[in-house]
Amino acid sequence: MTTKDRIRHAVVAAAVALGLIAGGVATAVAQAKKPALPPPPKVSPEEFEKAKGIFFDRCAGCHGVLRKGATGPNLLPAKTRAYGTVVLKTFITNGTQGGMPDWGRQGVLSPAEIDLMARYLQQEPPVPPEMPLKQMRASWKLLVPPDKRPAKPQHDRDWQNFFSLTLRDAGQVAIIDGTTKEIVSIVQTGYAVHISRMSASGRYVYTIGRDGKATMIDLWMAKPDKVAEVKTCSEARSIDTSKYRGPLGDFYDRYAVIGCYWPPHFVILDGQTLEPTKIVSTRSYTADTAEYHPEPRVAAIVASHFKPQWIVNVKETGLVWLVDYSDIKNLKITEIEADLFLHDGGWDSSKRYFLVAANQRNKIAVIDAKEEKLVTLVDVGKIPHPGRGANWEDPKYGPVWATVHLGEGKITLIGTDPEKHPEHAWKAVRSVALLGGGSLFIKTHPRSAWIWADHALNSDPAIQRSLCVVSKKDPEAKPKCWEAATDGRAVHLEYNKAGDEVWVSIWNRKDKQSEVVVYDDRTLKEKARLRDPRLVTPTGKFNVYNTVRDIY
Ligand code: DHE
């Protein structure tokens, strides 16, 4: 390949990635003369191992372990070698408008690491190993067996008002007393815990690390600590528990379920001990064009309150699996075709309908968990990211559920009441402007007059740390917005048990002071600012009472 060819190739590839020229035009230009790709640059075995780790930490979540692309584009050698080292380094340093973080400018990756990653991405992606049950069992540690655990709480705190706060880069969660605002315990967990979910009784917190390690914490211990742990994946984001108790059986605190990114499967575990018992692979065919996908990752998993059922969202195939856990040996799965790139979602206020973002399709899929079918796909804004969303009563449209977006600054409200407001049901009925895109989470509470939204991934530092609230009574009024801190990103909102306080993380770099700010939900005034050297990179926080009951 001549230098001229190489430059032409890199410019075309970069222009496509940045969306400057349409893919078709670019392909035609590139195909007019298709030069052979250059060989990959040199990467030593030690460098390869290091780069593999960085890829896992920073890149795999969006580009996929096999680099076939998902939220982010594919990074296979045919593309990356055409870009070449210089162009790749520019992307990694500066990010892209499509949502790729500016790892270099943020100081997360050093120039040497960026150079290494640019060279690594031009190599064939390594295929990570599968994980059989035997290997999961070998990692399983039952630290305190059920019969050695306390029969009643060993403290007089209101443990239902505890928060489990992710300390992302510390590989820990902080258990914080929501009433006194004290850190009750810091628990070592998997790496970069993604979420915490609670057992149906609320007594146990289950966390899932990005490294696939699950940790079970007993809140009744004098100092809450882990009672079991296990690793069921090499990469994971979701965990939930069995919440059904009724005519079909009592499954309170009976099972846990973990959704993996790699290997692409979900795993059912004993809810009292975390002993893994069953693996179900998600490899199958896409909902739209029925193409085989080797890495369909498990995104959100949500437990039904009305059936012994988990809603398992399979990202790359766009299939929603309703998993009936009443008979694990003879497992029944109802497969619903939704749309590709399923990510996060939550229940409507009746808890019959589950709404999940098909994020790269700019849609919300509505699943009727009672009838076990897709209701519809609702067009919303660019890259919806609801977290679990928020439910309230709009003065004009009745009950609504809402999402924020990564790709544009607005809240979209969807009508959720087909009985009394059929004309508005499952339609995007209203949108409310925010400060800009990059929103990750929205939250409210039945007792609140407000809807809260963050902008944590906006590229403007002042907006990253800004929150907005919208009045439920007067949604057309301009939202009230303010900067929640002088540095860092304001991310993820959660109410206390009483529903009169909102907790927000100020997520700063590992070497800088982070905080959690507590607001009075009625007056919007700051009530407390939790600052402690142990609060390293706080992100998600989960109130026991609200998480058990899916209050949002
Ligand atoms: Fe998340 C939820 C995946 C980046 C904080 N995140 C989820 C869920 C999925 C997911 C599938 C739904 C879980 C469920 O409900 O069962 N997140 C991913 C990614 O793949 C992605 C884009 C990239 C990655 O490499 O992980 C990603 N997420 C992030 C972050 O960078 C955040 C802001 C900080 C962090 O801790 O990593 C982050 N994600 C969260 C939080 C939730 C979440 C706090 C739960 C929200 C809730 O209220 O339930």
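The accessible surface of the chain amounts to about 22300 Å², and carbon and sulfur atoms contribute 53% of it; such areas come from the Shrake-Rupley method with a 1.4 Å probe, and for residues only the protein chains shown count as cover. The model is a predicted one, in which local features need pLDDT of at least 70 and side-chain atom pairs count only at pLDDT 80 or more, while totals for chains, interfaces and linings use all residues. Residues are numbered from 1 along each chain as its sequence is written, and side-chain values use heavy atoms, with hydrogens and water left out.

The overall dimensions come next. Along the principal axes, the C-alpha atoms of the chain fill a box of roughly 75 × 55 × 50 Å. The radius of gyration of the chain is 23 Å, which agrees with the value near 24 Å that a compact globule of 552 residues would have; the radius is taken over C-alpha atoms, and the globule rule is 2.2 Å times the number of residues to the power 0.38. Of the 552 residues in the chain, 58% are buried, where buried means under 20% relative accessible area, exposed over 50%, and partly exposed in between (1.4 Å probe, protein chains only). Among the contacts in the chain with a separation of 6 or more, 53% are made by residues 24 or more positions apart; a contact means heavy atoms within 4.5 Å.

The charged side chains number 76 positive and 63 negative, and the centres of the two sets lie 3 Å apart. In this count Lys and Arg are positive and Asp and Glu negative, with His and the chain ends not counted; the place of a charge is NZ of Lys, CZ of Arg, CG of Asp or CD of Glu.

The secondary structure consists of eight helices and 37 strands, which are DSSP runs numbered from the N terminus (helices: H or I, at least four residues; strands: E, at least two). One of the helices is H5, residues 111–120, which is mostly covered, with seven of its ten residues buried. These buried residues are Glu113, Ile114, Leu116, Met117, Ala118, Arg119 and Tyr120. Their cover includes helix H3 (45–63) and helix H4 (77–94).

Cysteine pairing links further parts of the fold. A disulfide is a covalent bond between the sulfur atoms of two cysteines; here the criterion is a pair of cysteine sulfur atoms within 2.5 Å. The structure holds two disulfides, and with bonded cysteines counted along the chain they follow the pattern 1-2, 3-4.

The torsion about its S-S bond is about -55°, so the disulfide of Cys233 and Cys260 is left-handed. This pair links distant parts of the chain, 27 residues apart: Cys233 lies in the loop between strand S8 (225–231) and strand S9 (235–241), and Cys260 in strand S12 (residues 255–262). Cys233 is buried at 0% relative accessibility, and Cys260 is likewise buried at 0%.

The sulfur atoms of Cys468 and Cys481 are 2.1 Å apart and form a disulfide. With 105° about the S-S bond, the link of Cys468 and Cys481 is right-handed. Cys468 belongs to strand S31 (residues 466–471) and Cys481 to strand S32 (residues 480–483), so this pair ties together parts 13 residues apart in sequence. Cys468 is buried, with a relative accessible area of 1%, whereas Cys481 is partly exposed at 32%.

Cys59 and Cys62 present another case. The closest cysteine sulfur to that of Cys59 is in Cys62, at 8.9 Å, which is too far for a bond. Cys59 is buried at 13% relative accessibility, while Cys62 is partly exposed at 38%.

Strand S12 also contains Val257, which is buried with a relative accessible area of 0%. Leaving aside its neighbours within four places in sequence, Val257 is in contact with Ser238, Ile239, Asp240, Phe266, Val267, Leu269, Ile301 and Trp310. Val257 and Pro276 lie 19 residues apart in sequence and 9.1 Å apart in space, C-alpha to C-alpha.

Ser284 is found in strand S15 (residues 284–285). With a relative accessible area of 15%, Ser284 is buried. Neighbours within four places in sequence aside, Ser284 is in contact with Glu291, Tyr292, His293, Pro296, Thr317 and Leu319.
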